[in-house]
Every structure is written in C-alpha cells, then in structure tokens.
Amino acid sequence: MSQHHSAVAPTPYPAKAKRSDWWRDAVIYQVYPRSFADSNGDGMGDLEGIRSRLPYLRDLGVDAVWLSPFYASPQADAGYDVADYRAVDPMFGNLLDADALIRDARALGLRIIVDLVPNHSSDQHEWFKRAVAEGPGSPLRDRYHFRPGKGENGELPPNDWESIFGGPAWTRVADGEWYLHLFAPEQPDFNWDHPAVGDEFRSVLRFWLDMGVDGFRIDVAHGLVKAAGLPDLGSHDQVKLLGNDVMPFFDQDGVHEIYRQWRLILDEYSGERIFVAEAWTPTIERTANYVRPDELHQAFNFQYLSTAWDADELRGVIDRTLEAMRPVGAPATWVLSNHDVTRHATRFANPPGLGTQIRTAGDRELGLRRARAATLLMLALPGSAYVYQGEELGLPDVVDLADEVRQDPAYFRGAGQDGFRDGCRVPIPWTRTGSSYGFGEGGSWLPQPSAWGELSVEAQTGDPDSTLELYRSALAVRRAQPDLGAGNAVEWLRAPEGVLAFRRGEFVCVANTSGESVTTPAYGRLLLASGDVAEVDEDAKMQADTTVWWTTA
C-alpha cells in the first residue's frame, strides 16, 4: 500500500476538536506500539512506524490516538512494567521520536494520549533495586509494600491476596521479607501512602504534559490505594471477584484524593488535556465516582465490553451507563475490544463468553457480521467511543499460536487470567503481500496467519463492502450528523423482540441482534447499514445481526 501524505492546514486541530469539551464525543484509537508498524525491520513496532501511519488514522476519521506504554522497560508484561517513566525504550525509539510523533499528530489534527502506569513499577526501577539492596528497614522499602512473612520462620506470605495473573501476590526476597505485586512478580506495587510516590508521579505528569501530550490513560486506576493493614480477603478464587465485588486492594475510596490532586495539575495546561481511567469496579455507579467534575474526565465502560450480543442485555447496560454518568456530568464511553480481551469479531462468533474461539468459517462469518453491527451500535450511542487497532479491519483473534511464541505472562503462570491475550496483539496487516504484510521488512514478533493479507488495509481500501470502508463511512457520518456524538440520553422506540431501536433528534439507530431477518419501519433516509437491508414501501427488512442508521431530516 502506498501511503499518501496530503498537505495539512497550519492550524493545530480541526474546527471540531478546537471546540470546548472535545473529549465528550471523541473517537479514540488505541495503538499497541509493538504491533502497529515497524520502521526499522526488527520485527517490533516502534514510534517512527506509528508516525509514518498517522495519515491513515487521520483519514480513518478518529479524533485522538492512545498509545499503550513505550517507556523504558524489561518488557516482562509488554511494557506495563516501567523502569523509567521519563525515557522511551530503545525498542521503540527515543524521546526525539516521541516529540516528532506528538508534533506530527498535532499538525494532522490528531491528539495523543499516553498510558501512565502508577500502580506498580518494574522490579528494575531504580527505587526498587535500591530497596532490595539496602535491606529491611531501608526508607526506600516504604515506597513499596515490603512485609515480614507469616509462619514460624516467615515462610508464608503476609496475607492471602492473589495475583491477577495467578498465584500469590507476594514474592520473597533473599533477606526474608516479602513484597506485594498484584500482577507479575516483576511488577512490585507502589505504596501510595508514601509522599515520595505522589511527588514522583506529579512530576512525571508535568514531564509529558510539557512534551505536548493531550492526556493520560491511567492503568489500574482503581488499584493505587490498599486497605489499611492489608487485611486478608478470605477467598481463594479471587480472580472471579474482580470487577464484581469489593476488594481490599481495588477501588478503595482513597484513590479519589490522588486524582483530585492530578486534576489540578492538568488544569494548569491549556488545550483541554484529559484523564481516562481504566477502573474495574463492581458497578457502573462506582465507576462514575472516578469522573466527578474535579477528578478524571472519562472511565472505560467494562460492563458494556462484557455484554453479550443480546438486545435486552445491551439496553440494560446502556440505560445504567447513561443514568450513572448523568449526575456527575461525565460522558459515557463505549468500547468493544482492547489489548487485554478477545477481539469482538471472535468474541461474538459464539457468545456468550470472552474466551470464545472460532472453529469454522461459519463462525468467522457470524462473528464478523455481529462485530460490524455492534460497531455501528456503539458509534451511535451518546458519548465517546474507543477503537482498538485492527478492529476496523475486522481482525479476529489469532487462536492457534504455538506455546513457544506466546509472551503473555499470564499464560506462563498457569492460573488467574486465561493467558491468551497474545491473540489480540498479533501485528496488523497493511498490504496483501510481504514478509509481514506491510508491518515491517523483518517479519513480526508474533506470527501472522496466512490469510492476513486479504484482511489488510490495502485489500480493503476501496471495497464498499469491506469492514474498513464501513468504519470510514461510519466515522464520517458521525462527524456530519449533529445529533450524534455528545449527549446523555436516548429515546427508545418500539421494536420487535431481539431488536434495539432508539432516536437521537433526527437520527435513528436500529440494531437487530435476533439472529433472524426482521421487518421494521423505514425511519426516513438510510444513512448506513452494516449488512443487507431492503426498503419496501414504508418498511425495511433487515438481515440478521445488522445495524442500520437512518435520518428523518
């Protein structure tokens, strides 16, 4: 595929993005740097590769780009184990590359949001290495959670907490003390009760804000504060409680004071910079606490992501989301895929469940049809939407990766998460042919399927029936329709069983989840459809698993 670089206007952002509260209806595209584009042929994506593909993202029609971590890291958990928050890992480039990327994005009308990982550092972070070396009683140990063990000789962990990746959440060091890590042992948790930790992250925020980033996605935003005394949980199946129950290490009320302090820093900077929370909470109402007017701007809607392709379930989570966000004045967010879950083109192939695997060509076709319909539904809802790289190509999870190529740390822990996140992280295809289908000249860090070329940007561009062109059209219509984007309410319309229909001003969205063709009113002029729809007189016959956009104007 030949890239084209059209001339750009000298204004830093297009008219829509310059208006107040751009983030209330933004479409934000997640780039997983190691899997997006490789500029130097080493098989690993990098910042220069991302920079070269920014015109593609501008033409796709998104408002902002969220970059997963590219900081200096041993890569024990794909960069979510940070050794230096002010440095770029050499595998991705350097600070000059980051600066060039931010500047080019700004010139193209795109905003840049970077990941921030404040719950834990790498075990190779200078603080942690010194804490281990200096031994028990070292002041630096107070910046993490070091504790003596239980048992006669301290041979048992300090409490019963389990790692999200499986196994105990504690690791013992040579001098006998244990340290807390809610994720991999290479990711020790910070002690946010220590003032030095807060001081450090306020400085890190200013460092990247001064570099020109437009905001931060906060990793494990719900995890920073632990319950006083680190009490036992009393359960040995803790992973199943995540996001469903109150946990002594998640969603503690003390996190909100941290974010109030951060908001003051953000508000010192012009240009409407934003915070986005990754906050797994038991309820949408608890999530709303993170986006009160003096805290964060958005929070991921994991309840929506986890909902099956079912009209009743979808309507319920949409209503609960809008009701929860309304009192705090925050926009709802909608997301179908990210780097931690099975892609929705696979997930919807045989729902319910997040771990579904495609077994047949029929499954693949069904999953893609539902994914396309779910995308149009998501983009029609009030608020902001997130798109994960490759979903605009209809990419499925790669489910047949050999054990020896997998890199997800959860896979090797043997418990906890299913360990199959590598399947949604395979580098995306840009061209029909080539050693890595245009990803780079030196292959790819995870092997790509042989069919990847026909799903590439090159293969889909210009094909009116392709998923890529559906996304491009949907994002263009979304920008053009005054009733789409920001808002906090929908007007539900009567619809057949298994069908969702709602109105927003002169815009109407109808989503058929029933698995069968249905007949609905033709609500006016057809704007866009994810599948076949036939208009007969004043009615419309919709294909199964299809979403249609109408305008009454």
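**Strands and helices in a predicted model**

Reply: Strand 10 and strand 11 (residues 298-299) are joined by two bridges and run parallel. Two strands pair if DSSP finds at least two bridges between them; helices (H or I, at least four residues) and strands (E, at least two) are DSSP runs, numbered from the N terminus. This is a predicted model, in which local features need pLDDT of at least 70 and side-chain atom pairs count only at pLDDT 80 or more, while totals for chains, interfaces and linings use all residues. Residues are numbered from 1 along each chain as its sequence is written, and side-chain values use heavy atoms, with hydrogens and water left out.

Me: Which residue stands opposite Ala 299 in strand 11?

Reply: That residue is Ala 277. Ala 277 in strand 10 is also the bridge partner of Ile 218. Strand 9 (residues 215-218) runs parallel to strand 10, with four bridges joining them.

Me: Are the faces of strand 10 covered or open?

Reply: In a regular strand the side chains alternate between the two faces of the sheet. Both faces of strand 10 (residues 274-277) are covered: Ile 274 and Val 276 on one side, and Phe 275 and Ala 277 on the other, are all buried (under 20% relative accessible area, with a 1.4 Å probe and protein chains only).

Me: How is the packing of helix 12 and helix 15 to be read?

Reply: Two packed helices are described by the angle between their axes and the distance between the axes. The axes of helix 12 (residues 361-380) and helix 15 (residues 467-480) come within 10 Å and cross at roughly 10°. Axes are lines fitted to C-alpha atoms, for helices over the stretch in contact, and angles run from 0 to 180 degrees between N-to-C directions. Helix 12 is therefore roughly parallel to helix 15 (angles under 35 degrees count as roughly parallel, over 145 as roughly antiparallel, 65 to 115 as roughly perpendicular and the rest as oblique).

Me: Which residues of helix 4 meet helix 6, and at what angle do the two pack?

Reply: Helix 4 (residues 95-107) and helix 6 (residues 195-211) pack at about 55°, their axes 10 Å apart; the two are therefore oblique to each other. Leu 95, Ala 98, Asp 99 and Ile 102 in helix 4 meet Phe 207, Trp 208 and Met 211 in helix 6 (contact means heavy atoms within 4.5 Å).

Technical notes:
Buried < 20%, exposed > 50% of the residue type's maximum accessible area, 1.4 Å probe, protein only.
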